[in-house]
Amino acid sequence: MKKTSWTSKLISTVSASAVALMVFAGFASAHVTVNPTVAQTSAWQTYTIKIPSEKELPTTKITLKVPEGVAFKQYQPLAGWKISTEKNDSNEVTSITWEVDGDNEGILAGQFQQFNFVAQNPQAETEVAWDAFQYYSDGSIVEWTGEPSDSTPHSITTISEDPAAAGNAAAGGDHHSSAATGNEGHDDTSTEAGAGDTNATGDTQADDDTTLGDALTDTVTGEPNNTDSDPGTLKLQQATLIVSILALIMSFLGIALATRRKKR
């Protein structure tokens, strides 16, 4: 009976550890991400930022820094969220902020929210890092500014000249690099705007509207990109960890059974 009790406790402990590790791995993969992770040079690209709420508190604000070389163009308004941008001395947008508005409680625990915006990619191949700052209702801030191996990494987009690699880049991006950049007509997006803001929804801006329409049509079909390509390596590590744990459990079970047979 003592041996059986010891074996039972050992199996229970290993199983509990396996479950705990899998739960931890699941939380570790829930990062703030910006998609796509690969985009074409010079293209007008529709990006989607995905924000999961990992604490037992609602997320009430998220600020995203626009990487150097990326030209922010316009955001997509969303009911219940106030959207604002900051600019530098050169009138370039350097950050965009989404903040709860009205009766909106924010992104509750166990939920996530996605926001869309359009930006023009750099002309040369490079990697751009999206630093994000997640604000919770208690005033705490999670800074998603670390390297890929860190616990709070920033999301990275590879800017490529290869159209195949950047399959969901906005079509005809090269056509808009001069005229559209020189006279965008999007300066009003730097003011705070709710879902009903005329600056966000009512400005037609002639030439730019056609350009923006092309980008949105080519890259957003009504459903934002939900694929978290950013933590792909982490998911592979999770799968390897789970297989290793299962193998360990089977090994202990085999030892336990062999021990019982010898005692008989």
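Two strands pair if DSSP finds at least two bridges between them. The strands themselves (E, at least two residues) and the helices (H or I, at least four) are DSSP runs, numbered from the N terminus. With that settled, here is a place to start: β5 and β8 pair in the antiparallel sense over 4 bridges.

Some housekeeping before going on. This is a predicted model, where local features need pLDDT of at least 70 and side-chain atom pairs count only at pLDDT 80 or more, while totals for chains, interfaces and linings use all residues. Residues are numbered from 1 along each chain as its sequence is written, and side-chain values use heavy atoms, with hydrogens and water left out.

Now the overall picture. The protein chain has 5 helices and 12 strands. Of its 264 residues, 38% count as buried, where buried means under 20% relative accessible area, exposed means over 50%, and partly exposed is in between (1.4 Å probe, protein chains only). The chain exposes about 14,200 Å², and carbon and sulfur atoms supply 53% of that; the areas come from the Shrake-Rupley method with a 1.4 Å probe, and for residues only the protein chains shown count as cover. Contact here means heavy atoms within 4.5 Å. Among contacts between residues at least 6 apart in sequence, 75% join residues at least 24 apart.

Back to the strands we began with. β5 and β8 belong to an open sheet of 4 strands in the order β1-β3-β8-β5, with antiparallel pairing. β1 and β5 stand at the edges with a single partner strand each, so one side of each has no neighbour in the sheet. The twist averages 35 degrees from one strand to the next; for such angles, axes are lines fitted to C-alpha atoms (for helices, over the stretch in contact), and the angles run from 0 to 180 degrees between N-to-C directions. At the β1 end, β1 and β3 pair in the antiparallel sense over 3 bridges, and T33 has K50 as its bridge partner in β3.

A polar atom of the Q120 side chain lies 3.2 Å from the backbone oxygen of S42. S42 itself sits in the loop between β2 and β3 (44–52). At 8% relative accessibility, S42 also counts as buried.

S42 brings us to backbone geometry. Most residues other than glycine have a negative phi, and most peptide bonds are trans. S42 has a positive phi, near 70 degrees. N91, which is not a glycine either, has a positive phi of about 65 degrees. N91 is in the loop between β6 (81–87) and β7 (93–100), and at 43% relative accessibility it counts as partly exposed. As for the peptide bonds, the one from N35 to P36 is cis, with omega near 5 degrees; P36 is in the loop between β1 (33–35) and β2 (38–40).

There is another open sheet to trace. Its 5 strands run in the order β6-β7-β4-β10-β11, with antiparallel pairing. β6 and β11 (141–144) are the edge strands, each pairing on one side only. Neighbouring strands here are turned by 15 degrees against each other on average, direction ignored. Inside this sheet, β4 (residues 59–65) and β10 (residues 132–136) pair over 5 bridges, and L64 has A132 as its bridge partner in β10.

Which residues touch the most other members of the largest nonpolar core? Among its 28 residues, they are Y47, I49, L64, W98, F117 and W130. A nonpolar core is a set of buried Ala, Val, Leu, Ile, Met, Phe, Trp, Tyr and Cys residues joined through side-chain atoms within 4.5 Å. Leaving aside neighbours within four places in sequence, I49 is in contact with several residues, including V32, I62, L64, W98 and F115.

Definitions and conventions
Polar contact = N/O pair within 3.5 Å; in protein donor to acceptor, adjacent residues only side chain to side chain.
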